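Have the sequence and the 3D view ready.

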Amino acid sequence: MKLNRIADWLYILPVLAVITIIFIIPLGYTFWISFQEKALGGEAKFIGLTNYYTILNSKIFYVIISNTLIYSFSAVFIKALIGLGVALLLNRKFPGRGILRAFSIIPWAAPAFAVAFFFILLYDLKGLFNRILTYIGLPALRYLGPELAMPSVIFVNVWKGWPFFFLGFLSGLQAIPQEIYESAEIDGASRFKKLVYITLPNLKTVFFTVCLLSLMWTMGDFTTIYLLTGGGPLDRTLTIPVASYFKAFASGASIPQAASLLILVLPIYLILIYLVMKYAYGRT
Amino acid sequence: MPMVERKLNITILTLVGILLLILFVGIPFYWVFNLSLTSEEEAYSPKLFPTNPTLNNYFDLFNPSKAAARAARFENFTGPLVNSTVVALIVTALSMLIGCLAAYNLARFNYRGKSYVSLYILFAYVFPPFFLMIPLNIVINMIRLGDTLIGLILAHLAYTVPFSTWILRGYFMGMPKDIEDSALVDGCSRFQALWRVVLPISAPGLVTAAIFSFTLSWDDLIFALVILSKAENYTLPLAISLFMQGGEVYAWGELAASTILATIPPVALYLLIQKYVISGLTGGAIKG
């Protein structure tokens, strides 16, 4: 039986090795490097908390945190609304429902970089949105200009991400026993009452699960903003993932400072990870 | 309110909903598809419908002289297309191999510390990968795999392996034990039971996990950016962004056509597994 135990571990060993070597150790390395002065070439020099002071004293640090929160929370909120609406719509019985369900998940299945390129073409001065505006006699808008950039990138994230909510809510709806509705109908409940007193309360668990997962993904979204605005203009759309990338790899950048930026925002993500693990996957 | 009137009312509401849904999802796809069929001359003021629809933008992508003239850094689009495909296929194969073994362990074996092992894997699954861009860039350069596709594959494995493990774990846990048990009684080893009994009847779970791994790798931009630098190693997102310069599109048709091409494989794959997407992503926490 002893040998069996060792054999059992062999199944799990590769995954533990992969996670440890290319996930956990690199994360630890980020931590280590955040206390150094120079990372690439030359001697690394321990400089204590200097990088942390630099980051904490820069105004931009607070800007990127607030941008990230605005981007993520508003995108998740709108995605949840659209997802719920479409789930209720496509839970009704009508011909062609199956095709529409499949059609609805296409934006979510499309790669994030492709969706970003789609909207680069749509937001352009000669793009479709401005052609429609000029056609009805309105002036063209600079969708990725300073004023509109944040709503515009949120819209792209929403357009791509809502089907995940739709899929979650739809399976939540299908899990509600039909008998509850039937007995409510006998009691003369209106459609609105059925929605408020039966449907929505029954979606609560699914709602938390999909919102937490989506919040996690949206706060980690790099591709959409990097390609559409590169965090600009005037840092209006600079979020944590994009800012860390530029801090680390743009010209004149500093990898140790970028590392300390990541360590400083880590608690935000750890709280979210804890909530996801606890509520979405039922583990603590 | 009379019954008939109410029914009609609902139908109109449903119809309006359907129409809005089709427009909301369809318009962006339509516009890009339309641009991809628009000829070079018309691209400067694209029409709602192309007057002379042409496939030239697609052909030009694979025509060395044209593509090279556009995006001076790669010969033609075959290179990036092959790079993306090869990377995604190898990532898929490796994460399925490692993921199957680990998921079977988590779903079926009992040993001390298993809950910690599950937590460790779940932690890696939910952790946002962008945190790894700095250390993986350094580590992969250190082991001299910087600017290679192998380096990129390693980076992708950091998040596809925990992902496929977690999906398959949920799937294996939902499967009845009886068939396996009888195979074990008949003298099969655990590994034979997994290989000969469990895997053949797990096709939907395996296909779902494989498709997720493939698309996670295919969709990646950030690790391609931090690991690759030579144009011959470029994957699709890097190659497509060469059709832009300083935030301005200068090859409308090619940008549209290449984006459509990059979109087709993941969309086709997801449509195959749409039933399993939600239960897969939530590790069985929400049933599909």
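## A loop in chain B

Is B:Arg144 buried or exposed? B:Arg144 counts as exposed because it has 9 C-beta neighbours inside 10 Å. Here is how the labels work: a residue is buried if 20 or more other C-beta atoms lie within 10 Å of its own, exposed if 12 or fewer, and partly exposed in between, with C-beta atoms placed from the backbone.

B:Arg144 sits in the loop between helix H6 (133–142) and helix H7 (149–173) of chain B, and B:Asp147 is found in the loop between H6 and H7 too. Helices (H or I, at least four residues) and strands (E, at least two) are DSSP runs, numbered from the N terminus. B:Asp147 is partly exposed, since 15 other C-beta atoms lie within 10 Å. Most residues other than glycine have a negative phi. Yet phi is positive for B:Arg144, near 60°, and for B:Asp147, near 55°.

## About the model

This is a predicted model: local features need pLDDT of at least 70, side-chain atom pairs count only at pLDDT 80 or more, and totals for chains, interfaces and linings use all residues. Residues are numbered from 1 along each chain as its sequence is written, while chains are lettered from A and ligands numbered from 1 in the order in which they are written.

## Where the chains meet

## The biggest core

The largest nonpolar core has 161 residues, and A:Ala116, A:Phe117, A:Leu121 and B:Met133 have the most contacts inside it. Such a core is a set of buried Ala, Val, Leu, Ile, Met, Phe, Trp, Tyr and Cys residues joined through C-beta atoms within 7 Å. H7(B) gives the largest share, 14 residues. Leaving aside neighbours within four places in sequence, A:Phe117 touches A:Leu227, B:Ile240, B:Leu255 and B:Thr259.

## Two helices in chain A

Helix H13 (residues 240–249) and helix H14 (residues 255–280) of chain A have axes that come within 7 Å and cross at roughly 160°. Axes are lines fitted to C-alpha atoms, for helices over the stretch in contact, and angles run from 0 to 180 degrees between N-to-C directions.

Conventions: Contact = placed C-beta atoms within 7 Å.
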